[in-house]
Amino acid sequence: MRPDCTDFQQLFLNDAPMMDMRAPIEFAKGAFPGTVNLPLMNDLERQKVGTCYKQQGQAAAITLGHQLVSGATLRERLHAWVSFAKKHPDGYLYCARGGLRSLLVQNVLRDEAGIDYPRIKGGYKAMRSFLLNTTQQAVEQCDFILVGGLTGTGKTDVLHQLGNALDLEGHANHRGSSFGKRATAQPAQIDFENRLAVDVLKKRARGINQFVLEDEGRIVGSCSVPLELYHGMQHYPMVWLEDSFDNRIDRLLRDYGISLFAEFLDRYGEDQGRQLYAERLTQSMANIRKRLGGERYQRMSELLRQALEKQLRSGEVDLHRGWLEVLLKEYYDPMYAYQREAKAERIEFAGDGLEVREYLKARALR
């Protein structure tokens, strides 16, 4: 039998398969990349056992747990555990603190199915602490540089071409702007933090100690950048990405007129996807109504309405350029011009996508 695991670093570096024995409500609040929730108890059962524990103590709670998870219920859950264990003989199981629930499942697997399956000592709480420390240590020990630039200059494109980038927007499943919400949901805050930490861990294991980040605000959609990292981002050096206005419009048209549309069709199917895509862009515009002001909002909303009508009727996307041009010229560019001036002392290089990418690659070798 493989021993129970205490080496959290190797767990995450090797993408070890893990089954989470916690209740679905616990799992939904945060888990780890690639983990499967195969709970010992469902939410209601967990609640009943917890109440019993508080009122009558551990022994009574354990007895109640055995009563609730028995017979056909236990056989059904055992089948799922056995299937996972056979599919992933190199995997592990865990619960909240590596205690009673994971031990019970471990014993059931051994006694009922003859499978010795290791658990993770300390469980979710210990692994979560390890990942929080991973991010904290990187902020304390590593070098960071930010990529800034006007909206649409392709900052994310540059990050994707670098081996030492941390893509906050990718981990948050959000493009970062007022129109950045994707067709699929964002991760829970804890999931976002865990994904980022695992990314940092794997890169540091490859010897990377200088990281490139996009210049972000505190919030990426609904996900908050870890506080220690965000504080660092207020003084990290920067490179400034530049591109022509036409290229920036083309890039936004790609992101919001083509890619986002395709995401909705893929996720929801042709009919519903088309409707939800139009509703998403319309709602995104409404979300910044106050900041746009009444006249500009009305003007841009009409341009967006016409663009969506034509796109949904014929598939043509060029009319989106109308509202995107106003969005850049009258909304984003004035804000970013002010930000560039405020951050001017931190900018150590400026150039187009190729120049910035080559500069950052050379900088990483210093």
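Predicted model: local features only at pLDDT ≥ 70, side-chain atom pairs only at ≥ 80, totals over all residues.
Let's begin with the salt bridges. The structure holds 29 of them, and I have picked out a few. Asp15 and Lys202 meet through their side chains at 2.6 Å, N to O. That pair links distant parts of the chain, 187 residues apart: Asp15 sits in the loop between helix H1 and strand E1, and Lys202 is in helix H10. Asp15 is exposed, with a relative accessible area of 52%, while Lys202 is partly exposed at 25%.

Now look at Lys343 and Asp215, whose side chains form a salt bridge at 2.5 Å, N to O. Lys343 is in the loop between H16 and strand E9, and Asp215 is in the loop between strands E5 and E6, so this bridge ties together parts that are 128 residues apart in sequence. Are these two buried or exposed? Both Lys343 and Asp215 are buried.

There is also a network of salt bridges, which links Asp157, Asp243, Arg251, Arg254 and Asp255.

On to the aromatics. A search of the whole structure turns up 14 aromatic pairs. One of them is Phe179 with Tyr256, a tilted pair with 6.3 Å centre to centre and 50° between the planes. Phe179 comes from the loop between helices H9 and H10, Tyr256 from helix H12, and the two are 77 residues apart. Both of these residues, Phe179 and Tyr256, are buried.

You will also find an aromatic cluster made of Phe8, Phe12, Phe32, Tyr94, Tyr124 and Phe130.

My last stop is helix H13, residues 270-287. H13 has 18 residues and reaches 26 Å from its first C-alpha to its last, close to the 26 Å expected. Which residues of H13 are buried? They are Gly273, Tyr277, Ala278, Arg280, Leu281, Ser284 and Met285. These residues cover an arc of only 155° around the axis, which puts them on the same side of H13. What do they pack against? The buried residues of H13 pack against H12, H14, H15 and H16.

Technical notes
Residues numbered from 1 in each chain as written. Heavy atoms only, no water. Phe/Tyr/Trp six-rings, centres within 6.5 Å; stacked < 30°, edge-to-face > 60°. Helix = DSSP H or I, 4+ residues; strand = E, 2+ residues; numbered from the N terminus. Buried < 20%, exposed > 50% of the residue type's maximum accessible area, 1.4 Å probe, protein only. Expected span 1.5 Å × (residues − 1). Arc of directions from axis to C-beta. Contact = heavy atoms within 4.5 Å. Salt bridge = Lys/Arg side-chain N within 4 Å of Asp/Glu carboxyl O.
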